[in-house]
Amino acid sequence: MPTAVITFDDVVRSQLENAVPILQKHGFKATFFVCDWFRDSRVHALRQGMDMADLKTLHQLGFELGNHTKDHANPASLSVEENKAQVAYIEDLFKELQVPAPKVYAYPGGPYAEVAATTVKSMGYIAARTGGNRPLDLAALNPFDMPSYLFSDDCPDRFNEALSALKEGKTVILTYHGIPDVEHPWCNVSIEHFTEQMQRLADIGCVCPTYSEFMKSL
Ligand SMILES: [Zn+2]
């Protein structure tokens, strides 16, 4: 069965409002990577960012919450201690929310960083997601350097590439931001395109577990 792990970054409210109902329609699960932009007054004014209640709702709906660090800073530019603090902050936030501790991490900005890989591994994480726009190589999997396809309406062919990989029997991780993402046009996916993409996954019988569920299935 083709398997895709669907992930969403940066706690954009449109993910809950627009993407979640479409995921539910197909019975797809997903993992939402959380950073702390709740206290950003600009984000709040625009009603672009999710708040604590929204995160709790995602958990209650059966979706997974992962760690995308407090400030979304480039982990390669931070020390081990600073990386640890960035990750621990989100863990404390989840305790406050009374949701399960995060088990998966997504590198802020995308690229793999050795210092972050070592840090989250030592903190008990089971996997970490990068970018790279290629399928997983399950025969030589490094759980702390797992590539994903990053989608944007500016790159219309990328979803086709991911779908081709799925049809060849490969497993993929898909990364979305806002649906739509008006703040970050370079990673915007419209509701129309997201709807179509989820339908195309459903059409090939794709299974979409959370990131942690997928890791446990290996
Ligand atoms: Zn991000």
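In which hand does helix 4 pass helix 5? The crossing is right-handed. The model on screen is a predicted one.

**Stop 1: the helix pair.** Select helix 4, residues 80–97, together with helix 5, residues 114–122. Their axes come within 9 Å and cross at roughly 55°. Angles from 65 to 115 degrees would count as roughly perpendicular and those under 35 as roughly parallel, so helix 4 is oblique to helix 5.

**Stop 2: the contact residues.** Show side chains on both helices. From helix 4, the contact is made by Val-80, Asn-83, Lys-84 and Val-87. Helix 5 contributes Val-115, Ala-116, Thr-119 and Val-120. Coloured by residue class, the contact of helix 4 with helix 5 divides into five nonpolar residues, two polar and one charged.

**Stop 3: the zinc ion.** Select the zinc ion next, then its protein donors: Asp-10 through OD, and His-68 and His-72 through NE2 in each case. These donors lie 2.0 to 2.2 Å from the zinc ion. Along the sequence, the donor residues follow the spacing D-x57-H-x3-H.

**Stop 4: burial.** Asp-10 has a relative accessible area of 8% and is buried. His-68 is also buried, at 0% relative accessibility. The cut-off for buried is under 20%.

Notes:
Residues numbered from 1 in each chain as written. Predicted model: local features only at pLDDT ≥ 70, side-chain atom pairs only at ≥ 80, totals over all residues. Heavy atoms only, no water. Axes fitted to C-alpha atoms, helices over the stretch in contact; angles between N-to-C directions. Helix = DSSP H or I, 4+ residues; strand = E, 2+ residues; numbered from the N terminus. Parallel < 35°, antiparallel > 145°, perpendicular 65-115°, else oblique. Left-handed = near helix turned anticlockwise from the far one by under 90°. Contact = heavy atoms within 4.5 Å. Nonpolar A, V, L, I, M, F, W, Y, C, P; charged D, E, K, R; others polar. Donors = N, O, S within 2.8 Å, 3.2 Å for Na, K, Ca; no water. Buried < 20%, exposed > 50% of the residue type's maximum accessible area, 1.4 Å probe, protein only.
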